[in-house]
Amino acid sequence: MNVLLIGGSGHLMNQLIIKYKKEGYRVYLLTGSHYKKSDYAKVFECYQFSYDSDDLYEIFESVNPDVTVCLGAFDTNFRWSDPERELVKYVSSFMNILIGYATAKRGRFIYLSSHEVFGMSGEGLIDERQRVMAIDHKGSALAEAEKFCLDYRKKWDLDIIVLRVDHLYLMPETREDIVDCCSEMCVRALEKGNMIASREKKFSMIYESDVVQYIYLVSARKKVKHDIYHLSSEEVISEYYMASMIQKNCKDAINIVEDYTKHKCILSNERLSEEFGTAVYHHCNEMIPKIIKHICRHRERFVSYGEQPLSWWKVLFYKLRWFLRRMIPFIENLICFVPFFMLNNRSVGSEYFAKIDFYLFYVLLFAIIHGQQQAIFSAVLAVSGYLFRQMYTRSGFEVALDYTTYVWMAQLFILGLAVGYMRDQIRSIKKESREIESHLERQLTDIKDINSSNVRVKDVLETQVIAQRDSIGKIYNITSALDQYTPSEVMFYAVEMMCKLLHSPDVAIYMVANPTFARLFSASSETARQMGNSIKYRETGEMFDDMKEHRVYINRSLEPEYPLMANAIYEQEEMRMIIMVWGIPWERMTLSQANLLVVISYLIQNALLRANRYLEALEEERYLPNTSILEPEAFESLVQAYDKAKKKNLTVSTLLEIQTRQYGMEQAGEILKDKLRQADYLGMMRNGNLYVLLTNTNASEAEIVRGRFAQIGIESKIVDRLEG
C-alpha cells in the first residue's frame, strides 16, 4: 500500500515515516519546498515541490496513494511569525493540495488540525460536535481548512477525515523540535530564570507516539463511522502544575510568577476510543519529568541567550551603504548634467549647433536608460539649467513671461515622461516574460523530475515482480499442491507449506473443539507448540479480539506467551481453525506480512476445512456398529498420515496396542472411551487388534496414559509403527 505524507521536516514527520515503513507501507513524501533538506527520514520517493505548484495533480496520479496524510497544523513550512501573511499563504496552499487530491480522487485524505480551533475557554470536555471558536490567525486558518475538508467530503463524496490533536508534546532533540508548551516553558525558565503560570489555565496533552499510533489506526481502518475525531489523553493538567514540575526537576533556581488567567480547553477522546478501542500509553505524569530532565541535561541544544546588539558605527555603516545604493542613479544624473550644461552654453550663438537642443538629448538619454523617475529628475535639472542660462541676458520676469519657455518645458516633460513610461513598460514586460519563462522552465524541470521518479518507481516495481519470492502465482501453485494429499494428510502438509511461504520455521494449526477450547493438531517445531496442546482461545485477550473481527493478530508488544502473528479460518461465520506463526523477525511484522498470511489462509481454506470435515466424519460415521471404535480402513489411513507427519517433525503422536484378553473388544472400547481425550482415536486394524492413537503425545507422556489404563485393568504397549 502507498502512503503520501505532506509537510515540512520535523520530529512528527519522521515518526510517521518510520511508523508507516514499519507497517509495510511504501512511503512517498511531498515536502512543500523546492529546497532539498537532509533532515527527513528515508522514504521511497521524495517530491521537492512547493504547495503552489501546478503539478500536484500529477503527483497524486503518479503516487496513487491509498492514504494521504497532510500535517496541516504541524507543517513546519509555516512559521506563523507574520500571522496575517501566513494565514493567506496557508489557506491558499491547502486549497491547492485539496484540489489536487479531489481531482485525482485517490485513497483516503487525513488532515491534522489542533486544539487551536477552540480559542475560547470551555467548561467540560469538548467533543467533535461543538462549534469551533478560533480567536487568532492560526486557529482561523485551521478552522477554514477543516471547513474545506468537510465541504469537499460532503459535496464530492470523498474519503476525507479531520483529526484534531489536543496539545501535542514530544521529546525534542533540537530547538527546532520544540512545539509544545511544556518544552517552551522549560527553555524559557532556563533562559530567564522565571516562569509565569496560572492555576486556572488547564488543558490536556497527548504524546507524539500516541498521536502517530492513532493516525495509523485511522488510516488502516477500511471504513470509519465519522468525518472528524479528537486525539486526546483527557488527562487534565494546569499550567502552574507544569511549572512546579519544571521547578522540581530542574537544578537551577527558578521562580514561578503566578498569573490569574482563566482558560480551559480539553478535547474529548470518547468517539475515537469507542470506535477503535485504543488507549493512551504515555501519561503526562511520567513523560513531562523525562522531557524536563532531557532539556536540562542538554541545555546547550535548546537555550539561546540572544544575539549581541550591533554597535552604533555598524548601524550607521549599514544605513549609509543603503542610502548610497539608492542615490547612485541620482548622482549619475547630476554628473552627466554638467557636460550637457556646458554643451548647451557653447552652442548658443553657434552657426552650426544653435538649433540642437542638448537638454532634450539629455532627458531622452536618461528616460531610455533609467525610466520615468530619472526622466523627471533630468527634466527638472534641464529646466533649471535652461532658466539659469536665459537669465544671463534677460531678467527673470522676462523669462517667466516668454511663452516659448513653457512650450519648451512642456515638450521636454512630455517627451521625457512618454519615453520613460515606455521604458518602464518594456522593462515590466521583459520581467514578466522572464518570470513566465522561469515558471515554464520550473514546470519542465518538475515534469522531468516526476517522469524520472516514475521511471525509478517502475524499475523498482519491475525488479520486485521479477525477483519476488512470494508472488501470487507462486503462492497459488504451492497451495494448490494440497489437493494431491489425502484428507488426513492435508492438515500436516499445510503447516509445512506455510513455513515455506511465510519463511518461518515455527507454525502451528489449532482446531477449535468447542466454544472454549482449541486443540493443537500440527506444529512445525517445539517453539510452535509452546502454548500447549489445548488453549482457551477466548481468554487470549487482544489476540481473540482481532481474530473475532476477522483481523490478523500482530504481537506488537512482543509478549512471549503469544505468537507473533495469528489468523483464524472461518466456515459460515464460525471459527474452525487458528493458524499461529512464531518465528518472524521484528522488521517483517508488518501489514504486508499480515496481508500475506490472509492470502495464504484463504487459498488453503477449502483444503483445510475439507480435511477437518473428513476427520470429524471419522469420529462420527466410520465406527464399528454400536461402538466408539474406528473401522480398520479409516483407522489405518489416519495412523499412516500421523506416522508420515511424525517423520517430518510436523506432529507428535504415540500408538498404543491394547490387550483385550480380560475384556472383549467392544467392552474394552467402552471402558477406554471415558479415559481418552477428544483428540485421541480408538480403532481396529486388519490384524484384529485394538489400538489407541494418542495425538500430540510423546513416549514419556504416553507412559502416564498407560498407567491410567493399567489402573482399570487394561494392559497396553507402545507400538512404533503399523504391524500386520
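In this tour, a residue is called buried when its relative accessible area is under 20%, exposed when it is over 50%, and partly exposed in between (1.4 Å probe, protein chains only). The model on your screen is predicted, so local features are described only where pLDDT is at least 70 and side-chain atom pairs only at pLDDT 80 or more, while totals for chains, interfaces and linings use all residues. Residues are numbered from 1 along each chain as its sequence is written, and side-chain values use heavy atoms, with hydrogens and water left out.

**Stop 1: a buried pair**

Select Lys-19 and Glu-23. Both residues are buried, and their side chains meet in a salt bridge with an N to O distance of 3.2 Å. A salt bridge here is a side-chain nitrogen of Lys or Arg within 4 Å of a carboxyl oxygen of Asp or Glu. Side chains of opposite charge can pair when their charged atoms come close. The structure holds 21 salt bridges.

**Stop 2: a link between distant parts of the chain**

Next, pick Lys-138 and Glu-116, whose side chains form a salt bridge at 3.5 Å, N to O. This pair links distant parts of the chain, 22 residues apart: Lys-138 is in helix H4 (residues 137-156), and Glu-116 is in the loop between strand E5 (108-114) and H4. Helices (H or I, at least four residues) and strands (E, at least two) are DSSP runs, numbered from the N terminus. Is Lys-138 buried or exposed? Lys-138 is buried, because its relative accessible area is 19%. Glu-116 has 23% relative accessibility, so Glu-116 counts as partly exposed.

**Stop 3**

Move to helix H20 (residues 632-647), where Lys-647 and Asp-643 lie 4 residues apart, about one turn of the helix. They form a salt bridge, with the closest N and O atoms 3.9 Å apart. Lys-647 is exposed, with a relative accessible area of 71%, while Asp-643 is partly exposed at 25%.

**Stop 4**

On a 1 Å grid over the protein atoms alone, a pocket is an open set of points with protein on both sides within 12 Å along at least five of seven lines, a cavity is a set where a 1.4 Å probe fits but cannot get out, and lining residues have an atom within 4 Å of a point. Which helix gives the largest share of the lining? H5 does, with 6 residues.

**Stop 3: the largest cavity**

The whole structure has 2 cavities of 30 Å³ or more. To find the largest, select residues of its lining, including Tyr-51, Cys-70, Asp-75 and Phe-94. About 50 Å³ of space lies inside this cavity. Helix H3 (residues 83-104) supplies the largest share of the lining, 4 residues.

How values were computed. Grid points are joined across faces, edges and corners, and a volume is the space filled by probe spheres set on the points.
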